Amino acid sequence: MVKLSFALRRLPHLTHAEFSTYWFETHGPLVQSHAKALRIHRYVQTHGLEHPINEGFRAGRGGPEPYDGVAELWWTSLDDLGAATQTPEGQAAGQALLEDEKRFIDLANSPLWIGEERLLVDGGEPSGG
């Protein structure tokens with residue numbers, strides 16, 4: 001299983017609430033509608049909370065401003081991901097998602113990457129590994 005992680009920053013003209021609502025209510029269903037063509041196995045949105053604890057974490061580590069959210073998408077393999085992007089349906093779906101992302105995501109400041117999870121704690125217990 002491989003995962004794409006996408007750390008999202010909203011466009012400057014959007015409030016956090018506007019960004020979050022659009023991402024969940026508009027973009028989320030768009031991803032769902034293209035999941036089969038793109039061979040997406042799983043899709044999760046993590047919406048940042050506007051809470052003082054976040055500033056405490058950031059300041060305590062000297063970190064940058066937080067992201068507005070993180071999107072996570074899983075495929076069964078790199079080959080499966082690659083194959084999805086080679087079909088006309090997959091290419092059209094990818095283009096549709098990108099065009100919508102331009103409406104609410106600051107793409108130049110929102111890194112994304114492919115990785116492989118390595119489970120270390122599951123249910124509060126360390127995992128063998």
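Visitor: Is Asp79 buried, partly exposed or exposed?

Guide: This is a predicted model in which local features need pLDDT of at least 70, side-chain atom pairs count only at pLDDT 80 or more, and totals for chains, interfaces and linings use all residues. Residues are numbered from 1 along each chain as its sequence is written, and side-chain values use heavy atoms, with hydrogens and water left out. Asp79 belongs to helix H3 (residues 78–84); helices (H or I, at least four residues) and strands (E, at least two) are DSSP runs, numbered from the N terminus. Buried means under 20% relative accessible area, exposed over 50% and partly exposed in between (1.4 Å probe, protein chains only), so at 66% Asp79 counts as exposed.

Visitor: Which kind of aromatic pair do Phe19 and Trp23 form?

Guide: Rings of Phe, Tyr and Trp (its six-membered ring) pair if their centres lie within 6.5 Å; planes under 30 degrees apart count as stacked, over 60 as edge-to-face and the rest as tilted. By this rule there are three aromatic pairs. For Phe19 and Trp23, the centres are 5.6 Å apart and the angle between the planes is 40 degrees, which makes the pair tilted.

Visitor: Why are Phe19 and Trp23 separated by about one helical turn?

Guide: Phe19 is buried at 0% relative accessible area, and Trp23 is buried at 1%. Both lie in helix H1 (residues 16–38), and because they are four residues apart there, their separation is about one helical turn.

Visitor: How many residues apart in sequence are the parts that the pair of Tyr22 and Phe104 ties together?

Guide: The ring centres of Tyr22 and Phe104 are 5.0 Å apart with the planes at 50 degrees, so this pair is tilted. Tyr22 is partly exposed at 24% relative accessibility, whereas Phe104 is buried at 1%. Because Tyr22 lies in helix H1 and Phe104 in the loop between helix H4 (88–101) and strand E4 (112–115), the pair ties together parts whose separation in sequence is 82 residues.
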